[in-house]
Amino acid sequence: MAATSPIKLRARPQLRSPCLIAAWGCIGNVGLLAARYLVDKLGARDLGEIESESFFFPLEVVIRATGSETLGFPQSRLYYSAEGPRGLLLCLADEEPSLRRKEYAELLLNLAREFGVHRVYTICAHTLALHH
């Protein structure tokens with residue numbers, strides 16, 4: 001990733017054509033729960049993060065008596081596992097991006113290219129007005 005990229009990697013694992021699973025906290029956090037299970041079960045390690053300020057509205061603003069303020073943003077964390085014949089990359093995001101969605105998607109796809117990912121899976125749950 002370029003030095004100015006919002007993706008901040010803390011590791012550079014050697015994986016063999018891994019899959020990428022991207023999960024978002026949607027209805028009931030179903031996507032995050034499934035991906036978190038994989039992180040825990042596989043003992044996935046910290047790969048890095050996507051800096052959130054450009055892609056999300058703040059979740060909270062804390063203003064102190066001194067006048068300083070702190071913004072809390074949803075997090076997008078990256079993990080990897082070298083388990084299995086190929087390995088696995090995971091992106092766990094607290095929620096879907098609210099801003100610049102196309103750029104966020106392109107960042108994930110560029111990360112996938114950098115690591116030689118052969119397949120991308122996404123996990124998110126939405127409600128539909130569907131009658132069975």
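Two strands count as paired if DSSP finds at least two bridges between them. Keep that in mind for this one, which is a predicted model.

Start with the sheet. Six strands make an open sheet, ordered E1-E3-E6-E7-E2-E8, with mixed pairing. At the edges sit E1, residues 7–9, and E8, residues 119–123; each pairs on one side only. From one strand to the next, the twist averages 20°.

E1 pairs with E3, residues 45–50, in the antiparallel sense, over 3 bridges. Within that pair, Leu9 stands opposite Gly48 of E3.

On to the helices. H2, residues 101–114, packs on the sheet. H2 touches E1, E2, E3, E6, E7 and E8, and its direction makes about 155° with that of E2. H1, residues 30–42, lies across E2, E6, E7 and E8. H1 runs at about 140° to E7.

Next, E2, residues 19–24. What are its neighbours in the sheet order? E7 on one side, E8 on the other. E2 and E7 run parallel, joined by 6 bridges. There, Ala22 has Cys91 of E7 as its bridge partner. E2 and E8 also pair in the parallel sense, over 5 bridges. In that pair, Cys19 stands opposite Arg119 of E8.

How many residues of E2 are buried? The count is 6 of 6, so by the cut-off of under 20% relative accessible area, the strand is mostly covered. Both faces are covered. One side carries Cys19, Ile21 and Ala23; the other carries Leu20, Ala22 and Trp24; all are buried.

Terms used:
Residues numbered from 1 in each chain as written. Predicted model: local features only at pLDDT ≥ 70, side-chain atom pairs only at ≥ 80, totals over all residues. Heavy atoms only, no water. Helix = DSSP H or I, 4+ residues; strand = E, 2+ residues; numbered from the N terminus. Axes fitted to C-alpha atoms, helices over the stretch in contact; angles between N-to-C directions. Contact = heavy atoms within 4.5 Å. Buried < 20%, exposed > 50% of the residue type's maximum accessible area, 1.4 Å probe, protein only.
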